[in-house]
Amino acid sequence: MIALVGLFLAAFAAATLIPAQSEAVLVALILSASHPVLLLLAVATLGNVLGSAVNWAMGRFLIRFADRRWFPFSQAQMDKATGWYDRWGHWSLLASWVPVIGDPLTLAAGVLREPFWRFALIVTFAKGGRYLVLAWVTLALS
């Protein structure tokens with residue numbers, strides 16, 4: 001149970017700007033064979049999607065504080081993400097799993113008032129897909 005909580009927290013933190021490596025935790029747990037792989041995938045995906053939902057909520061409700069020191073995204077990150085979002089629309093969220101650009105994209109989705117249901121659907125597909133590929137490669141190479 002502690003391992004699952006740790007995986008959830010690592011995945012949640014990795015979706016925010018807190019430095020965390022959920023992939024390493026997931027691979028280690030897959031290799032340990034201590035839990036069913038599907039359970040690990042579900043926990044990691046849930047944590048990562050909920051972390052992204054925090055970014056969406058910050059964009060939706062806390063953007064008025066963007067000029068404050070504590071705000072986790074720089075203006076340059078927000079401008080770049082908004083540019084992607086303006087160009088590709090909600091489909092840009094398929095890149096929400098990509099390091100460096102994914103987190104600001106989820107913030108931009110909130111700023112640009114992406115409906116949460118569509119945000120959650122696309123982000124779950126993208127982030128769950130990344131973990132699924134990672135698990136497949138891990139199992140194939142082990």
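1. The count of salt bridges comes to two. The model under review is a predicted one, and the values quoted here are computed from it.

2. Arg-130 belongs to helix α6 and Glu-23 to helix α2, so the pair ties together parts that are 107 residues apart in sequence. Arg-130 is buried, because its relative accessible area is 15% and the cut-off for buried is under 20%. Glu-23, with a relative accessible area of 23%, is partly exposed.

3. Another salt bridge is formed by Glu-114 with Arg-118, and here the closest N and O atoms are 2.4 Å apart. Glu-114 counts as buried at 6% relative accessibility, while Arg-118 counts as partly exposed at 25%.

4. Does the length of helix α6 agree or disagree with what its residue count leads one to expect? The helix covers residues 116–141, which is 26 residues, and at 1.5 Å a residue it should span 38 Å. Its end C-alpha atoms are 37 Å apart, so the two values agree.

5. Helix α6 has buried residues, among them Phe-119, Ile-122, Val-123, Tyr-131 and Thr-138. The buried residues of α6 pack against α1 (2–14), α2 (22–32), α3 (37–61) and α5. Val-133, which also lies in α6, takes part in a nonpolar surface patch of about 470 Å² together with Trp-136, Val-137 and Leu-141.

6. Why is helix α5 described as largely enclosed by the rest of the structure? The reason is that nine of its 10 residues are buried. These include Gly-102, Asp-103, Pro-104, Leu-105 and Gly-110. The buried residues of α5 pack against α1, α3, α4 and α6. Just after α5, Arg-113 adopts a positive phi of about 60°.

7. Ser-92 deserves a separate remark. This residue is found in the loop between α4 (75–88) and α5 (102–111). Is Ser-92 buried or exposed? With a relative accessible area of 3%, Ser-92 is buried. Its side chain reaches the backbone oxygen of Gly-89 at 2.8 Å. When neighbours within four places in sequence are left aside, Ser-92 is in contact with Trp-84, Tyr-85 and Leu-105.

Notes. Residues are numbered from 1 along each chain as its sequence is written. This is a predicted model: local features need pLDDT of at least 70, side-chain atom pairs count only at pLDDT 80 or more; totals for chains, interfaces and linings use all residues. Side-chain values use heavy atoms; hydrogens and water are left out. Helices (H or I, at least four residues) and strands (E, at least two) are DSSP runs, numbered from the N terminus. Buried means under 20% relative accessible area, exposed over 50%, partly exposed in between (1.4 Å probe, protein chains only). A polar contact is a pair of N or O atoms within 3.5 Å; within protein, one must be able to donate a hydrogen and the other to accept it, and residues adjacent in sequence count only if both atoms are side-chain atoms. Contact means heavy atoms within 4.5 Å. The expected span of a helix is 1.5 Å times one less than its number of residues. Patches are made of residues with over 30% relative accessible area and no salt bridge: like charges are joined within 9 Å, nonpolar side chains (Val, Leu, Ile, Met, Phe, Trp, Tyr) within 5 Å. Accessible areas come from the Shrake-Rupley method with a 1.4 Å probe; for residues, only the protein chains shown count as cover. A salt bridge is a side-chain nitrogen of Lys or Arg within 4 Å of a carboxyl oxygen of Asp or Glu.
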